[in-house]
Amino acid sequence: MQKRYMSIWFPYLTTDWLSIRQPELRHKPFVFTASERGRKIIKAISPAAQIQEIEVNTLLADAKAIVPDLKVFDHKNGRETRLLKAIGEWCIRYSPIVAVDNLDGLFLDISGCTHLWGGEGNYLKEVTTRLQSKGYHVRAAIADTVGTAWAICHFGKPENPIVKSNDQVQALISLPPAALRLEPAILARLQKLGMYQVHNFIGIPRSVLRRRFGEGLLLRLAQALGQEDEVISPIQLVAPYQERLSCLEPIRTATGIEIAIKNLLQSLCTRLQGEGKGLRTAVLKCFRVDGKIVQVEIGTNSPSQHINHLFKLFELKVSQIAPGLGIELFVMEADKIEDVSVLQEALWSGNPGFDDQEIAELLDRLSVKIGTGSINRYLPDEHYWPERSIRTATTIAEQPAISWQADKPRPTQLLKNPEQIEVTAPIPDYPPMLFRYKGKTHHIKKADGPERIEREWWLEAGEHRDYYHVEDEHGQRYWIFRSGHYADDKFSHWFIHGYFA
């Protein structure tokens, strides 16, 4: 397969990054500066600053003389590398091999990738358009070699960004020597001799070029022409939290499956402990010899690195694993990982509540037995409407943003949706004398109310509710309400919304 490379250049990488976060700077001149020998030196410029003829590596004082209202920000070492690495990881969707190019670009090995986008033209357009839509100025080029792709990207004509295979010489001859990524000393020597384009020296014998300019020029020229290989260092993604265990013989017994689970958990939890992480959800995939995949999943209420606890959760699932003719490969994946908070050990025994790891582990085992969605913890939410006044906690350790309302009675069990009832009620604002619910009549002996709760008009339109706390002849207590105002000329709608203990 013919090798093909793409070079991507971000001429305003850091200033584009800041403009994305502060859109008001997009069309204004600004620069990043750093202190060198007691002077402020410009390290990066915005497009508007370049239009004002401000250049990189010049004094800030000189730039201020040109543009008095020039905005200045501090340059931070390493920012370009972090940005390029993040963008490079995003670009892996277009190629599995992406490398950082100095402080302003990327290299992509696109061999065998472009046909997925309908050819190199569509591929290049897709990549550059997506990056531009995120707010970055970008140029890109494609060629057989890294060197030629870089040269066309930085010095070629924007309307001709794709170099045909084996056409490097023709693409390079009209470009300046700087397109070969030469050292400043070599560039100065070439300029002194009047060699302003690659064609001025590309035909000179290698021995003469070596004597005049050294090996650096020959190496860069050979790399650009494809006569020397140029190795790029691809970005290494963080390995997923996954462990694999191959079997010498297919596993068909529950004991064998349990041993495999213990070995996988040992490797996985050792890594988690080293990184200060804990497991929240994990999946065990069992690849059978007949080609089928059997999997089971566990979840925890808090991040856990406890091997024995996690094994007990999986142990409850072993009976669901049908090995068939045998399992030849086990794969354990930790889908959800969170930081583990270190709890300080107390010198005395107290009441740790939800911080007690044993409580979390007990809830985990119950969840595995009766179902993940069967156990929930609720926290108060900032809403007037009763249905919206609570929310499900994401973890056992999550703290409520507000305190529970305790000044007015609320039912122990709140119905998800109020259910309509038939009511016999006297004059307005009096509680009903009886109500009929699910075919049974309840005579009210005690009642308290009404408590009016207005509808949250900014979320939806509708009537308010007048709630009553009532008790029937059997001592059972209910939370009922009338929707809207009482009126003689229309039928009032009543609903039951909860039960008190």
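**Exercise 1.** Are Phe435 and Tyr478 buried or exposed, and how are their rings arranged?

*Solution.* Keep in mind that this is a predicted model. Begin with accessibility: Phe435 and Tyr478 are both buried. Next, consider the rings of Phe435 and Tyr478: their centres are 5.4 Å apart and their planes stand at 80 degrees, so the pair is edge-to-face.

**Exercise 2.** Work out how many aromatic pairs the whole structure holds, then classify the pair Phe30 and Phe73.

*Solution.* Searching the whole structure gives 16 aromatic pairs. For Phe30 and Phe73, the ring centres lie 5.7 Å apart and the planes meet at 90 degrees; planes over 60 degrees apart count as edge-to-face, so this pair is edge-to-face. Phe30 sits in strand β2 (residues 30-36) and Phe73 in strand β4 (residues 71-74), so the pair ties together parts 43 residues apart in sequence. As for accessibility, Phe30 has 0% and counts as buried, whereas Phe73, with 23%, counts as partly exposed.

**Exercise 3.** Find which residues are linked into a cluster by ring pairs, and which rings have the charged end of Lys262 or Arg271 over them.

*Solution.* The cluster is formed by Trp90, Tyr94, Trp117 and Tyr123. Turning to the charges, Lys262 places its charged end over the ring of Phe311, 4.8 Å from the ring centre. The charged end of Arg271 sits over the ring of Tyr241, 4.1 Å from its centre.

Note on methods: Residues are numbered from 1 along each chain as its sequence is written. This is a predicted model: local features need pLDDT of at least 70, side-chain atom pairs count only at pLDDT 80 or more; totals for chains, interfaces and linings use all residues. Side-chain values use heavy atoms; hydrogens and water are left out. Rings of Phe, Tyr and Trp (its six-membered ring) pair if their centres lie within 6.5 Å; planes under 30 degrees apart count as stacked, over 60 as edge-to-face and the rest as tilted. Helices (H or I, at least four residues) and strands (E, at least two) are DSSP runs, numbered from the N terminus. Buried means under 20% relative accessible area, exposed over 50%, partly exposed in between (1.4 Å probe, protein chains only). A charge sits over a ring if NZ of Lys or CZ of Arg is within 6 Å of the ring centre and within 35 degrees of the ring normal.
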